[in-house]
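Please look through the structure below before reading on. The paragraphs after it are meant to be read with the sequence and the model side by side.

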Amino acid sequence: MAVGNPVVQLADERVDHRFKALPPDAEGLTVGELAAERRNLFTGGFTTPVLALSAESVEHNLALLEMYAEQHGLAFAPHGKTSMSPQLFESQLARGAWGITAAVPHQMRVYRAYGIQRIFLANEVVDAVALRWLAGELDADPDFRFVCYVDSVRGVELMDEALRAASASRPVDVVVELGAGEGARTGARTAADCAAVADAVAATATLRLVGVAGYEGEVPQADADKVRAWMRQLVGIAVEFDKAGRFPAGLDEIVISAGGSAWFDAVADVFATVPELSLPVLKLLRSGAYVSHDDGHYRRITPFNRIPDDGTLQPAFRLWAQVVSRPTPEQAFVNAGKRDAAYDLDLPEAQVVRDARTGEIRPATGITITGLSDQHGWVRTGPGAELEVGDWVGMGLSHPCTSFDKWQLIPLVEADGTVTDYVRTFF
């Protein structure tokens, strides 16, 4: 890596009170110095609760999606909102990612601060201040590639007004977003609506239409047939736009983008049927949760359940908390709660117990997390469950996006407990 790489410079940040669970005696060390000590998560001075990322599982997941995209002829712009971690972005780009997807302008500013040169923003941007900043970034860096959604004529008008006021010299590349159906989230609802938005873009000098996009995860009552039908509609709009000459002269490629973490197999299937257009087609997949996967929601819905021959993602998160109260034989409390664990989709799953007396790690048989307070986890223990005050409980989490955002510096841990690095997040 080049000297001055801002991702490398993250290792120069000082360890202090801002970062939960890190060893108190590491105060004043840099992150790089602490990583070089290769401390053990259990005996190296870490306090509970502590969130750990499996080094082996993260590497496995990065490699699997790289291979999947290559096998299916897809470009890949993983959604960075999941981790908001420049180190993981760098690893994704090193694994062949085209760029990184964002959802809001703040995320884009983080990406640019850490050198991301291609950003796909899966949202319409109508904030004049954000558009002025974007115009400045595009004007200052001719190699910066940016694409975002447009889904309304009014949105186009607001973008054009703000970019003209900013004296933008480069047009902003946009894709018309097709909504996933009535009652779904954002996006123009019909082909005619999409055409009206495309016409509004063509009437400006500040925007350039480069393709179409959407999010199949919002298809109402989604199943494989409904998702594929919507995907065919999305591709059909791109085909019609091309036939009608809606894409301006000077484009190198037409962008067609979709793909969350639940239906990327259906996206790949339909993208494989895209007919030849007047320009090459960038088939851009945007799945993001894969990097850590999980032990709940995404474990249930991952496409690899349907296509096991293509591989299997591995859950990488484990939250360790300590038993601080055992008031009855049926109940215990650990010192991790809503401030530490994702809980919007599923409660944490007790998986293993590390015995406070011996250090032995055993299955969490008969142990269930039944609720979370702000700083406590409620634990139900069945007959025969081995658990006492001081034991550490290792929990699997559901929903990566609301796991990463609770931790600013996350230990990257090998299977034997050795901490090899620390993943910095910016939420």
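This is a predicted model: local features need pLDDT of at least 70, side-chain atom pairs count only at pLDDT 80 or more; totals for chains, interfaces and linings use all residues.

Residues are numbered from 1 along each chain as its sequence is written, and side-chain values use heavy atoms, with hydrogens and water left out.

Helices (DSSP runs of H or I with at least four residues) and strands (DSSP runs of E with at least two) are numbered from the N terminus, and two strands are said to pair if DSSP finds at least two bridges between them. Eight strands form an open sheet with parallel pairing, in the order β2-β9-β8-β7-β6-β5-β4-β3. Its edge strands, each pairing on one side only, are β2 (75–76) and β3 (100–102). Next, β8 and β9 run parallel and are joined by five bridges, and A258 has L285 in β9 as its bridge partner. Strand β8 (residues 254–258) also pairs in the parallel sense with strand β7 (residues 207–213), over three bridges, and here the bridge partner of V212 is I256 in β8.

To describe how elements are covered, a residue is called buried under 20% relative accessible area, exposed over 50% and partly exposed in between (1.4 Å probe, protein chains only). Strand β9 is largely enclosed by the rest of the structure, because four of its five residues are buried. Contact, in turn, means heavy atoms within 4.5 Å. Helix α10 (residues 264–271) is mostly covered, with seven of its eight residues buried, and these buried residues pack against α3 (55–71), α9, β8 and β9 (281–285). Among them are F264, D265 and F271. Another helix, α8 (residues 191–202), lies across β5 (145–150), β6 (172–177) and β7, and runs at about 165 degrees to β6; axes are lines fitted to C-alpha atoms, for helices over the stretch in contact, and angles run from 0 to 180 degrees between N-to-C directions.

The inside of the model can be described through its nonpolar core, a set of buried Ala, Val, Leu, Ile, Met, Phe, Trp, Tyr and Cys residues joined through side-chain atoms within 4.5 Å. The largest such core has 144 residues, and F120, F146, V172 and F241 have the most contacts inside it. Helix α9 (residues 224–243) gives the largest share of this core, nine residues. Leaving out residues up to four places away in sequence, F120 touches a set of residues including W98, I100, V147, V175, V255 and L284.

Rolling a probe the size of a water molecule over the atoms shows where empty space is left. On a 1 Å grid over the protein atoms alone, a cavity is a set of points where a 1.4 Å probe fits but cannot get out, a pocket is an open set with protein on both sides within 12 Å along at least five of seven lines, and lining residues have an atom within 4 Å of a point. Grid points are joined across faces, edges and corners, and a volume is the space filled by probe spheres set on the points. The largest pocket holds about 640 Å³ of space. Of the 28 residues that line this pocket, H79, K81, R185, Y215 and G260 lie nearest its centre, and the largest share of the lining, three residues, comes from α11. One cavity of 30 Å³ or more is found in a search of the whole structure. The largest cavity has about 40 Å³ of space, and its lining includes E177, R185, Y215 and E218.

Some single residues complete the tour. Most residues other than glycine have a negative phi, and most peptide bonds are trans. A cis peptide bond, with omega of about -5 degrees, joins T48 and P49, and P49 lies in the loop between α2 (31–36) and β1 (50–54). M84, in the loop between β2 and α4 (86–94), has a positive phi near 45 degrees and is buried, with a relative accessible area of 1%. Q221, in the loop between β7 and α9, also has a positive phi, near 45 degrees, but Q221 is exposed, with a relative accessible area of 64%.
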